[in-house]
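Visitor: I have a model open and would like to learn how to read a few of its features. Could you walk me through it?

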Amino acid sequence: MKIVSWNVNGLRSVLGKGFCTWLAEERADIVGIQEVRAQEAQLGPCLESIGGAWLRAFSSAERPGYSGVGLLSRLPADRVTTSMRDAAFDAEGRVQIARFGRLTLANVYFPNGSGQNRDNSRIPFKLAFYRRLFDVLEPRKRRGDPILVMGDFNTAHRDIDLARPKENVKTSGFTSEEREELDRWIRAGYVDTFRAFEPGPGHYSWWSQRFGVRAKNVGWRIDYVLASEGAAKHLKRAFLSPHVTGSDHCPVGVEVEDAIVG
């Protein structure tokens with residue numbers, strides 16, 4: 001089973017940049033997308049172009065043109081929930097928690113902590129979001145259920161996960177408190193699936209849109225698939241796809257044993 005995550009930076013935009021061709025060639029079973037940036041009513045023509053082979057579910061932000069997540073799957077989900085039982089978080093349309101048999105799959109667009117004035121003013125909201133999601137998933141993890149948390153985490157975990165760590169220690173996405181929150185998830189038993197297979201440098205999932213930055217690979221790895229202990233034992237492969245363009249992010253994903261769904 002192949003599961004892929006991609007921050008598309010606007011679904012309507014990426015559809016004009018080869019998204020459907022990529023989707024057909026990727027041969028994924030489940031695709032989670034983030035930063036859809038459209039209400040579901042606006043997505044009619046987009047969904048038609050994606051085709052009928054995919055089961056589709058979306059969660060939009062209340063604010064127009066902002067945030068939003070979507071799931072495309074070839075197998076039906078038993079259930080998809082979009083609430084973390086917190087009105088402030090739910091209003092931003094950042095979470096889908098789907099059940100596929102035994103597997104819990106969270107498709108998540110974590111908040112950016114920069115704030116409107118790039119003053120890191122939204123870091124407390126971002127950290128509270130992380131903690132709330134952790135708590136929502138924790139009872140399932142304690143039972144040993146397989147859980148995958150995928151999406152744009154908006155945080156680079158280690159120095160190796162961005163090209164210029166020293167210059168960004170005070171930048172949201174690489175501050176000590178944000179990195180510590182990711183550490184907390186890892187200490188609690190979640191596995192960074194990509195690092196389980198690839199310990200080396202130079203692997204990123206997001207690049208500034210400034211001219212030449214992506215070509216020089218001056219990037220950040222902020223898109224992840226985290227696996228609970230119950231899911232990690234089913235891992236076969238994890239990957240980044242930096243050759244796929246159309247967004248300032250690239251797809252990331254995992255291949256897992258079919259037995260993960262039970």
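Predicted model: local features only at pLDDT ≥ 70, side-chain atom pairs only at ≥ 80, totals over all residues.

Visitor: Is S73 buried or exposed?

Guide: The cut-off for buried is under 20% relative accessible area. S73 has 7% relative accessibility, so it counts as buried. As for its place in the fold, S73 is found in strand β4, residues 69–73.

Visitor: What does the side chain of S73 reach?

Guide: For a polar side chain, look for N or O partners within 3.5 Å. Here the side chain of S73 reaches the backbone oxygen of L75 at 2.9 Å.

Visitor: And N107, which strand is that in?

Guide: N107 lies in β7, residues 103–109. Its relative accessible area is 0%, so N107 is buried. Its side chain reaches the backbone oxygen of G70 at 3.0 Å. Beyond its close sequence neighbours (those within four places), N107 is in contact with residues including G32, Q34, G70, R94 and M150.

Visitor: Where is S172?

Guide: S172 is in the loop between β8 (147–152) and α6 (176–187). With a relative accessible area of 9%, S172 is buried too. Its side chain reaches the backbone nitrogen of S114 at 3.4 Å, and a polar contact of 3.0 Å joins the side chains of S172 and E178. Setting aside neighbours within four places in sequence, the contacts of S172 include N112, N120, K126 and W220.

Visitor: Where does α5 bend?

Guide: At V136, by about 35°, and a proline, P139, follows within four residues. After the helix comes G144, whose phi is positive, near 90°.

Visitor: Which residues of α5 are buried?

Guide: First the general idea: an α-helix has 3.6 residues a turn, so residues three or four places apart point the same way. In α5 the buried residues include I123, K126, L127, Y130, L133, F134 and L137.

Visitor: What covers the buried residues of α5?

Guide: The cover includes α4 (87–90), β6 (95–100), β7, β8 and α6.

Terms used. Residues numbered from 1 in each chain as written. Heavy atoms only, no water. Helix = DSSP H or I, 4+ residues; strand = E, 2+ residues; numbered from the N terminus. Buried < 20%, exposed > 50% of the residue type's maximum accessible area, 1.4 Å probe, protein only. Polar contact = N/O pair within 3.5 Å; in protein donor to acceptor, adjacent residues only side chain to side chain. Contact = heavy atoms within 4.5 Å. Bend = angle between axes of the 7 residues up to and from the residue.
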